[in-house]
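User: I would like to learn how to read features off a two-chain model. Can we go through it step by step?
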Amino acid sequence: MTRRARLWLVLLGGAGLAALLAAACLRLPAFGGARHPYGDRAVAAALARRTANTIASVNFDQRAFDTMGEMSILFAAVLGCVVLLRQARDEHRDPPRPAEVAAPVRRYALLTLPVALVTGLYVIAHGQLSPGGGFQGGVVAATSLHLMYLGADYAALERVRPVEAYEITDALSASAYLVLGFAGVLAGAAFLANTLLPLGTFNTLSSGGVVPLLNAAIGMEVACAVVVLLARFLDQAVEIEEESGE
Amino acid sequence: MHVLPYLVAAYVFLIGCYGLATSRNLIHAVGCLAVCQSATYVLLLAVGYRDGATAPVFSDIAPGSRPVVDPVVQALTLTDVVVGATVTALLLALTVQISKRHGTVDPDELRELRG
């Protein structure tokens, strides 16, 4: 099929789909309406389990099993990237050359690194109380380490980021989530049921039963997964070179 | 006015599809897929919105004192963002390998199989 014919086909199909979507939009409940039966029930359930952040309660208590699926997707994607971006037979590793960094950039990056790291850990730790949680905080914590790459160079980043350790921690935190789930079964309730721990006082760090623990496991998993992913991509960009003889 | 957010979601999805179909570069195509996916964020958040409501977080407001938006779709959006990011990473890794093995990232030049 020529590009022109394909474009016409896309426009035709797109016009049909646009008409169907517009018709569907007109029949949806009005934007901003007051009727949210699932939302109201989720808020009531979260308050009953003394979790201040309803979204954390939905993710790690009411829909904890779905979050396990999401975690498996993340884990599988990281595994896929590690396999795809490995060093091939016709490639070799060049040790990265030390790079010149402007003094203000270096100073600013090294100043922000600990602040960003602590912010990430704070967002993970307060996931059950305030906006944020394991997913968001994990990404902040993982990217904060890469300020080392901006502020110094790749060799410095590799020293603060032993990839093997992060790969192992990634797997360990994924299994920690599963173990917490099975602990519910052993305690006589269901898989990932929030009955294991006392619910605590509303709006304190230890409230919400098993939610803070699952949240921390996810935070660790996401942080390690992002570090490993970025490491694989950076390796491709910085270290791995094709053999010149090809 | 009450259908505008839904129409925006449909528009973002369609424009992403158009980009995917006419893309001449796999990296651009991965970006277009991310655009398609952001349509679902707009749709989900629009479905969960409630007039005059705030975030469903009760660390600084008393429960019941103010209406809150639907937390279920917000959690679904969070799932969506995470899955979208991992899919993007995986597709970009595939693009890196395609570029290495075939020397091109133009999908039109990747027609024939190579052993």
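User: Leaving aside its neighbours within four places in sequence, which residues is B:T95 in contact with?

Analyst: A note before the answer: this is a predicted model. Beyond its neighbours within four places in sequence, B:T95 is in contact with B:L26, B:I27, B:V30 and B:V105. B:T95 itself is found in helix α3 of chain B.

User: Is B:T95 buried or exposed?

Analyst: Compare the relative accessible area with the cut-off: buried means under 20%. B:T95 has 6% relative accessibility, so it counts as buried.

User: Now the helix pair between the chains. How is the packing of two helices described?

Analyst: Two values do it: the angle between the axes and the distance between the axes.

User: Which residues meet where α10(A) and α3(B) pack?

Analyst: From α10(A) come A:L229, A:F233 and A:Q236. On the α3(B) side they meet B:A89, B:L92, B:A93, B:V96 and B:K100. By class, the residues of this contact are six nonpolar, one polar and one charged.

User: Step back to the whole contact between the chains. How many residues does each chain give?

Analyst: Chain A gives 57 residues and chain B gives 46 residues. Between them the two chains bury about 4,400 Å². Carbon and sulfur atoms account for 68% of that area.

User: Which three residues supply more than any other three of the area that chain B buries against chain A?

Analyst: They are B:Y6, B:R50 and B:F58. Together they supply 13% of the area that chain B buries against chain A.

User: Let us take a residue of chain A. What does A:I55 touch, not counting residues up to four places away in sequence?

Analyst: A:I55 touches B:P56, B:P71, B:Q74 and B:A75. Its place is in helix α3 of chain A, residues 54–62. At 15% relative accessibility, A:I55 counts as buried.

User: How far apart are A:I55 and A:A42 in sequence and in space?

Analyst: Keep the two separations distinct. Along the sequence, A:I55 and A:A42 are 13 residues apart. C-alpha to C-alpha, the distance is 8.8 Å.

User: And how are A:A22 and A:L111 separated?

Analyst: They are 89 residues apart along the chain, and 50 Å separates their C-alpha atoms. A:A22 is found in helix α1 of chain A, residues 3–27. With a relative accessible area of 28%, A:A22 is partly exposed.

User: Last, the backbone. What is the phi of A:L192?

Analyst: A:L192 has a positive phi of about 65°, although it is not a glycine. A:L192 is found in the loop between α9 and α10 of chain A. Its relative accessible area is 6%, so A:L192 is buried.

User: Where is A:N203, and what is its phi?

Analyst: A:N203 is also found in the loop between α9 and α10 of chain A. Its phi is near 65°, a positive value in a residue other than glycine. A:N203 is partly exposed, with a relative accessible area of 30%.

Technical notes
Residues numbered from 1 in each chain as written. Chains lettered and ligands numbered in written order. Predicted model: local features only at pLDDT ≥ 70, side-chain atom pairs only at ≥ 80, totals over all residues. Heavy atoms only, no water. Helix = DSSP H or I, 4+ residues; strand = E, 2+ residues; numbered from the N terminus. Buried < 20%, exposed > 50% of the residue type's maximum accessible area, 1.4 Å probe, protein only. Contact = heavy atoms within 4.5 Å. Nonpolar A, V, L, I, M, F, W, Y, C, P; charged D, E, K, R; others polar. Buried area = accessible area lost by both parts, 1.4 Å probe.
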